[in-house]
Amino acid sequence: MYYNQSHAAKGERYGNRQRPLFIRSQQRAAVNVYKTETSFEMLVFAPGRIKEHFKLDVAGRELSVSYTPPEGFPRPDWVLREYSRGGFVRTFTLDETIDATAITAKYEDGVLHVSLPLIPGKEATKQEIKVS
């Protein structure tokens, strides 16, 4: 499984605008992924969200995890904001060992837990590359 990082997530700036004194965190959720004997387990840290507003899509070999806040979401006049409950999109490339039709997700205690089951008997090929 591979992560596809967008230009915005890499911190590329648009134009030569000066950054404000308090830099707002990028609107993206932190993700941890670990592997078990039967699956990859993805933990998307997104506290304060509403589970019905998460969306997971598989298109080909790409898994997209997104969140869109509800209409009328309050936007206070922040003085300092280190955390955002706004929307985000994260995209991951699934390898051929993952059964994309059996992916499950649940949102609990501010963490979206996505289970990506492995296809039994299908192992990723390993190839050693000699450095010359």
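Q: How is surface area to be read here, and what does the accessible surface of the protein come to?
A: Accessible areas come from the Shrake-Rupley method with a 1.4 Å probe; for residues, only the protein chains shown count as cover. Here the accessible surface comes to about 9,800 Å², and carbon and sulfur atoms hold 51% of that area. This is a predicted model, in which local features need pLDDT of at least 70 and side-chain atom pairs count only at pLDDT 80 or more, while totals for chains, interfaces and linings use all residues. Residues are numbered from 1 along each chain as its sequence is written, and side-chain values use heavy atoms, with hydrogens and water left out.

Q: How many helices and strands does the protein have?
A: Both are DSSP runs numbered from the N terminus: helices are H or I of at least four residues, strands are E of at least two. This protein has eight strands and zero helices, and from the N terminus on its elements run β-β-β-β-β-β-β-β.

Q: In which order do the four strands form the open sheet?
A: Two strands pair if DSSP finds at least two bridges between them. The order is 2-3-8-7, with antiparallel pairing. Strand 2 (30–35) and strand 7 (104–108) each have a single partner strand, so one side of each lacks a neighbour in the sheet.

Q: How many bridges join strand 3 to strand 8?
A: Seven bridges join these antiparallel strands. Within the pair, Phe45 has Val111 of strand 8 as its bridge partner, and Val44 stands opposite Leu112. A hairpin of three residues connects strand 2 to strand 3.

Q: What share of the residues counts as buried?
A: Buried means under 20% relative accessible area, exposed means over 50%, and partly exposed lies in between (1.4 Å probe, protein chains only). Of the 132 residues, 29% count as buried. Strand 3 is mostly covered, with six of its seven residues buried.

Q: Which residues have the most contacts inside the largest nonpolar core?
A: A nonpolar core is a set of buried Ala, Val, Leu, Ile, Met, Phe, Trp, Tyr and Cys residues joined through side-chain atoms within 4.5 Å. The largest one has 19 residues, and those with the most contacts inside it are Met42, Val44, Phe54, Val65, Phe88, Leu112 and Leu116. Two or more residues each come from strand 3 (39–45), strand 5 (62–67), strand 6 (88–93) and strand 8 (111–117).

Q: Is Ser66 buried or exposed?
A: Ser66, which lies in strand 5, is buried, with a relative accessible area of 12%. A contact means heavy atoms within 4.5 Å. Beyond its neighbours within four places in sequence, Ser66 is in contact with His53, Phe54, Lys55, Phe88 and Val89.

Q: Where is Asp99 found?
A: Asp99 sits in the loop between strand 6 and strand 7, and it counts as partly exposed at 27% relative accessibility. Not counting residues up to four places away in sequence, Asp99 touches Pro117 and Ile119.

Q: With which side chain does the side chain of Asp99 make a polar contact?
A: A polar contact is a pair of N or O atoms within 3.5 Å; within protein, one must be able to donate a hydrogen and the other to accept it, and residues adjacent in sequence count only if both atoms are side-chain atoms. The partner of Asp99 is the side chain of Thr101 (2.6 Å).
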